[in-house]
Amino acid sequence: MYGGFVSIVNTLLLARSVNKAGKAASEQQSARGALVLAKSVAIRFAFVLISLYIGIVYLELVALEILIAFSLAQIGYVFYKPKFIYWSEFKLVELWVKVKV
């Protein structure tokens, strides 16, 4: 349960960063959008490591169970990918099509 929760929060952080990067891209600030995504990778990586550490060391949860739950949630996220995961992706594609045409 804890590993799945960590995975869900990680996904929500990803959605937030994609939305921010999409907003920056729509404002023609591609460097800022790339910085937002790079910062997001570091923050999410640290969040997952710290969360798993807290669950294993302080909450004394079984490490294997946490890792299995986290992995299954991530795998489920990978296999269930609609065409547009986030609204900002739709907006980015929409803007790209307008620029191309």
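## The largest nonpolar core

The largest nonpolar core comprises five residues: Val 6, Val 48, Leu 52, Ile 66 and Phe 70. A nonpolar core is here a set of buried Ala, Val, Leu, Ile, Met, Phe, Trp, Tyr and Cys residues joined through side-chain atoms within 4.5 Å; buried means under 20% relative accessible area, exposed over 50%, and partly exposed in between, with a 1.4 Å probe and protein chains only. Helix H2 (30–58) and helix H3 each supply at least two residues of this core. Leaving out residues up to four places away in sequence, Val 6 touches Phe 47, Val 48, Ser 51 and Phe 70, where contact means heavy atoms within 4.5 Å.

The model is predicted, local features need pLDDT of at least 70, side-chain atom pairs count only at pLDDT 80 or more, and totals for chains, interfaces and linings use all residues. Residues are numbered from 1 along each chain as its sequence is written, and side-chain values use heavy atoms, with hydrogens and water left out.

## Overall composition

The protein has four helices and zero strands, in the order α-α-α-α from the N terminus. Helices (H or I, at least four residues) and strands (E, at least two) are DSSP runs, numbered from the N terminus. Of the 101 residues, 26% count as buried. Among contacts between residues at least 6 apart in sequence, 67% join residues at least 24 apart.

## Packing of H1 against H3

Helix H1 (residues 2–26) and helix H3 (residues 63–79) pack at an angle of about 40 degrees, their axes being 6 Å apart. H1 is therefore oblique to H3; angles under 35 degrees count as roughly parallel, over 145 as roughly antiparallel, 65 to 115 as roughly perpendicular and the rest as oblique. Axes are lines fitted to C-alpha atoms, for helices over the stretch in contact, and angles run from 0 to 180 degrees between N-to-C directions.

On the H1 side, the residues that meet H3 include Tyr 2, Gly 3 and Val 6, and their partners in H3 include Ile 66, Phe 70 and Tyr 77.

Asn 10 lies in helix H1 and is buried, with a relative accessible area of 6%. Apart from its neighbours within four places in sequence, Asn 10 is in contact with Arg 44, Phe 47, Val 48 and Gln 74.

Gly 4 also lies in H1 and counts as buried at 16% relative accessibility. Not counting residues up to four places away in sequence, Gly 4 touches Ala 69, Phe 70 and Ala 73.
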